[in-house]
Number of protein chains: 2
Amino acid sequence: MQGRQIKRCGLFSLTLLATFLHCSCLPHSTGGKPFPETAKEIASYTKVAKSIIDLAVYGKAQNRSYERLADFTDTIGNRVSGSKNLDLAINYMFSALRKDGLENVHLEPVKIPHWVRGEESAMMLQPRNHTMAILGLGSSVATPQGGIEAEVLVVESFEELKKRQKEAIGKIVVYNQPFVSYEETVQYREIGASKAAEVGAVATLIRSITPFSINSPHTGWQDYQEGVQKIPTACITVEDAMMMARMAKRGQRIVVRLTMNAQTFPDADSFNTVAEIIGSEHPEQVVLLSGHLDSWDVGQGAMDDGGGALISWEALSLLKDLGLRPRRTLRTVLWSAEEQGGVGAQQYFQLHKVNISNFNLVMESDLGTFSPLGLQFTGSAQARAVMAEVMKLLKPINTTTLEQHGEGVDIEMWMDAGVPGASLHVADSRYFWFHHTNGDTMSVQSPIEMNLCSALWAVVAYVVADLEEMLPR
Amino acid sequence: MQGRQIKRCGLFSLTLLATFLHCSCLPHSTGGKPFPETAKEIASYTKVAKSIIDLAVYGKAQNRSYERLADFTDTIGNRVSGSKNLDLAINYMFSALRKDGLENVHLEPVKIPHWVRGEESAMMLQPRNHTMAILGLGSSVATPQGGIEAEVLVVESFEELKKRQKEAIGKIVVYNQPFVSYEETVQYREIGASKAAEVGAVATLIRSITPFSINSPHTGWQDYQEGVQKIPTACITVEDAMMMARMAKRGQRIVVRLTMNAQTFPDADSFNTVAEIIGSEHPEQVVLLSGHLDSWDVGQGAMDDGGGALISWEALSLLKDLGLRPRRTLRTVLWSAEEQGGVGAQQYFQLHKVNISNFNLVMESDLGTFSPLGLQFTGSAQARAVMAEVMKLLKPINTTTLEQHGEGVDIEMWMDAGVPGASLHVADSRYFWFHHTNGDTMSVQSPIEMNLCSALWAVVAYVVADLEEMLPR
C-alpha cells in the first residue's frame, strides 16, 4: 500500500456518522427481505463455508497461495510501476490465471507513472565521513550532476521548520519526526519536500516512516505541491536521522552530499489483470476481490502486495476446485500502479462506474496477509448487519471480527460512491517494519497464515455473491 | 562480542561440576573469615550502594554513560581492528579518561590483526538478476579479480554438505542453516568456508547468524582450518538464503557472481586502554572492569561493545564523583581487537598473569547494555556465596540475579585459570538482531538502561574491591 491514508480518516468519520444515523433502524431489514430471513439464509451456508475452509487450510489447497506467491515473487522479484518487471509480472499472472482455468481472464489497459530511481547516494562529509543508506522517494527529481553538497538543518516537525525557516535557506532539510502512526507520520514523506522547498531548502532527507529499523530505508511515493520548486528528496534510516539530530544538538556543523539520478519518463502502458467466475443468475452483478500486482522497486513485494493479489486469485481457485458457482460474478482484479496513488484502480473506476449499481461488494487486501482477524467494512448499517452474519461462518478459523471501516487506496472511490467495501484485517503489528524496504520478501510470509486469509477471502466473496439479494447500500 | 562461545559450553559444564563439588561446604566460610561475618560486612554497604545508585540513576550522572557513548560513537563511528578509526577511538578514550580525572590512565601496546574488507558484491545471475546484500567475513581471502562466477549448491547443514559433497565441487556453497541459537549456529560462520573447501567448493555464502532480519547481513570473524584451501566467504541475508533454498528445491539452476577485494595486512600496532582508581590499602590487588573498544566495520559499534566499554568507564566516574576509594585498585581495561578472537585481552593476560594471585575479580560487559538483570558469575561456591550477598545491594534497582556462568571472550583465560569472573547479564532478546550489522547504532541504546547497568557495575566493583578479604578461589 502507498501512503494516502489521511483521506481515510475523513472516510472513517463519515462512516461512523452513517452508522449512527442508521442504527435506529437496524437490523429490521436488509433491502427487500426481512433481516431474520437473510440471517437464516446466511446460516444455511455453514456447511459450504466449512468445505471451503477445509480445502484451504487442511486439504489439497493447503499452502497453495504461499507456494504460488513464492514462485511468483522469486521468479519476478519486485515490480515497480513502469518497469519491465511489472510487465513480466502481468504476463506471468495472466498465464497463471488462464492455466488455472478461471473464466474471462483478460487485461484492461491503463496508463501508469514511469519513475526510475537510478543511482543514488548520500555521504555525510562533516562532522565525519559516513555513508548513509538511502532510498530516493518516488517522483523525486534528480540532483544536478555531481550532487548537492550542503549544510544540514535538522528539524523534528513542520512546526519547527516554520519557526526556523530562515535557517533552511540553501540547506538540506533533514526531518527527524518521531514515528507516531503511519497515517499521521507519512505526511513528512508525502509533502516534506515541498514544505522545505517553500522555505528555500535545496533538498530533503526524511526519516523513514517506521517504528523499527535495522538501518533500513523505506521508500514510497511523494507529492510535489503545485507552484513549489521541485527539490530532490530521499528517505534515510531512523538511525541516521537520530544521529544527525544528536550532532545538531551538540552544535556540530553537518554537511551532506546527496546524489540522485532519478528520472521521470512519459506514462507507460500497463494493465489491470482480471479473472472471473461468472455468476449463474446475475452475471452482470459483481463481487470484486483485489490486491495490487505492482510493488516498490526494493525487496520482493511479497507483503505489499503480492499476498493480497495472491489470495484474491486463490479465493477463486478454491471455489472452482469445489465446483461452486455463485449467483453473481466473482471478479478478481489485480491492480497496476497502486503505489503511485491507486492509478490503475482509478482508471478502472472511471471505466466501470457506469455499472456502479451492479457492484455488490468491493474487497481489497493490502495491509499484509498475516494472521487474519476478520474484515474492515464500510457500508450502511443494514449492510453491516448482513456482513456480521456472513462473518459468523468463519468461526471454525476464528476470524469473525467485523471492524468499523474499510481501508484501501484501490477501492476507496467505490466506497465513497456508496458501494459496500471490505478490507482484509490482519494482525499486522510488524507490517511497517518491512513496508517499502528490501525486507519485504517471502521471509515475512507464513503459509499457514496465507491459508487462513485465503479461506476467509473465499468464504466472504462466495456467500455475498450467492445471497438472494445484493447487499443493501 | 565475536563468536567463540562454543568454548563456553565446556566452561559452563566445568562450572556446574565445580559448584556441585563445592556445595557441601557452602556457605561455611569465605576464605579466612566466617561467612556470616562477610555477609554482615557486605550488608554494611547498603547505604553506599544506595548512594551510587542514586547518583547514576536519579542524580547528576543520570544519562551520562549514554551521552558519552553517543558522543564517542557519533564522533568516531565504527572501529575495526587495524583501522585508523580504532586509533582515533583509543586516542579519544585516552583523552577522555584523563580529562575525567581518573588515575594511571595509560595505553598498553598490543599487536592486532589488520583485515580490510574492500569493495565486495554478490549478484545472482540465474535464474534471474538479483543484487544481494552481503558482508565479507573477517579474515576472508579475496576472489580473483573479476570475481568468481559459479553455480550454487544450497545446503541446510554440514551433514547435508557431507552427503552431497560430490555436488559441491566447483560450486559456491550456500549455507541456509536455520537459526537455533547463536552458540550453536555460529559454527557455520566460523568454519563453514573450510568445510566447503574440503569438498571442493570455490566460495561460500553463509546465511547470517540471526533470528530476525530486515534484509540485514551480519558479518563476523571466521577461521580457516589448517591445511585447507582458503576460499572467499561472506554472509548473506536470511532472506536471500531462504530464497535460494526455495529455488534449489524447485530444481532451478542458480548462478552467482561473488566479488571480494578483502586484504589481510601485517598485524598492526594498537593498545589496550587502561584507567584506574588506585586502591588505598592493597593497590597491587585488582578488580578489573572491561569492555572492548574495537567493533566491526559496520554500524557504530554502539551495542557491541561501546556500551560495555562506556559503563566500565562510567563505574569509575561514579565512584570518583562520590569520593569513594576502595581498599583495592579498580582497573578499567578497554580491550583492542576482541572481534578477532580476544586478541588484545590475550596479550594482556600473557603480560599480567604473573600477578594472577592479585586479580580479585575480572568483569566484562559484552552482551549489550540493555535492561540489566544481574551478573553471570564463574567462581567457586564460596566466591558465589559472597557475590550473592553483594548482589543483594542492588535490590533498589531489582538487578540481583546471579546466574551460573560468566561469559566473555576477553576474560575467559582468567576464569579458566581460576580467577572469579563476572559478566553483565541483561535482557538481551534483540541483541542478535543487530549484532555485527549496520543496525548496531545508538538507536538501540537507552539512557535509562545504561544508567542501571552503570549503577550495577559500579556497586559490584566497588564493594568487591573494598571488602576486607579477596574473593575466595
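This is a predicted model: local features need pLDDT of at least 70, side-chain atom pairs count only at pLDDT 80 or more; totals for chains, interfaces and linings use all residues.
Buried area here is the accessible area (1.4 Å probe) that two parts lose on being put together, summed over both. Inside chain A, domain 1 and domain 2 bury about 1400 Å² between them, 69% of it on carbon and sulfur atoms.

Some ground rules before the details. Residues are numbered from 1 along each chain as its sequence is written, while chains are lettered from A and ligands numbered from 1 in the order in which they are written. Local features need pLDDT of at least 70, side-chain atom pairs count only at pLDDT 80 or more, totals for chains, interfaces and linings use all residues, and side-chain values use heavy atoms, with hydrogens and water left out.

**How the two chains are related**

**Where chain B meets chain A**

- Each side is counted by contact (heavy atoms within 4.5 Å), and this takes 30 residues from chain B and 30 residues from chain A.
- The copies meet through the same surface, because 100% of the interface residues of chain B are also interface residues in chain A.
- Six salt bridges turn up across this interface, where a salt bridge is a side-chain nitrogen of Lys or Arg within 4 Å of a carboxyl oxygen of Asp or Glu.
- A salt bridge links the side chains of A:Arg250 and B:Asp71, at 3.5 Å from N to O.
- Nine residue pairs are in polar contact between chain B and chain A, both residues at pLDDT 80 or more.
- A polar contact is a pair of N or O atoms within 3.5 Å; within protein, one must be able to donate a hydrogen and the other to accept it, and residues adjacent in sequence count only if both atoms are side-chain atoms.
- On the chain B side, the elements giving two or more residues are α4 (64-76), α10 (238-249) and α15 (431-434) of chain B.
- Those elements are DSSP runs numbered from the N terminus: helices are H or I with at least four residues, strands are E with at least two.
- By type, the chain B side splits into 11 nonpolar, 12 polar and seven charged residues.

**Two domains in chain A**

- Chain A is assigned domain 1 (6-115 + 266-466) and domain 2 (118-261), with bounds from an automatic or database domain assignment.
- The contact between them takes 15 residues from domain 1 of chain A and 20 residues from domain 2 of chain A.
- Their centres, taken over C-alpha atoms, are 35 Å apart.
- This domain interface has zero salt bridges by the rule, but four residue pairs in polar contact, both at pLDDT 80 or more.
- On the domain 1 side, β3 (103-116) and α15 (431-434) of chain A give two or more residues, and α15(A) has the largest share, with three residues.

- Most residues other than glycine have a negative phi, and most peptide bonds are trans.
- A:Gln126 and A:Pro127 are joined by a cis peptide bond, with omega about 0°.
- A:Pro127 sits in the loop between β4 (120-126) and β5 (130-132) of chain A.
- B:Gln126 and B:Pro127 are also joined by a cis peptide bond, with omega about 5°.
- A:Asn63, in the loop between α3 (46-58) and α4 (64-76) of chain A, has a positive phi near 70°.

How values were computed. Ala, Val, Leu, Ile, Met, Phe, Trp, Tyr, Cys and Pro count as nonpolar, Asp, Glu, Lys and Arg as charged, and the others, Gly among them, as polar.
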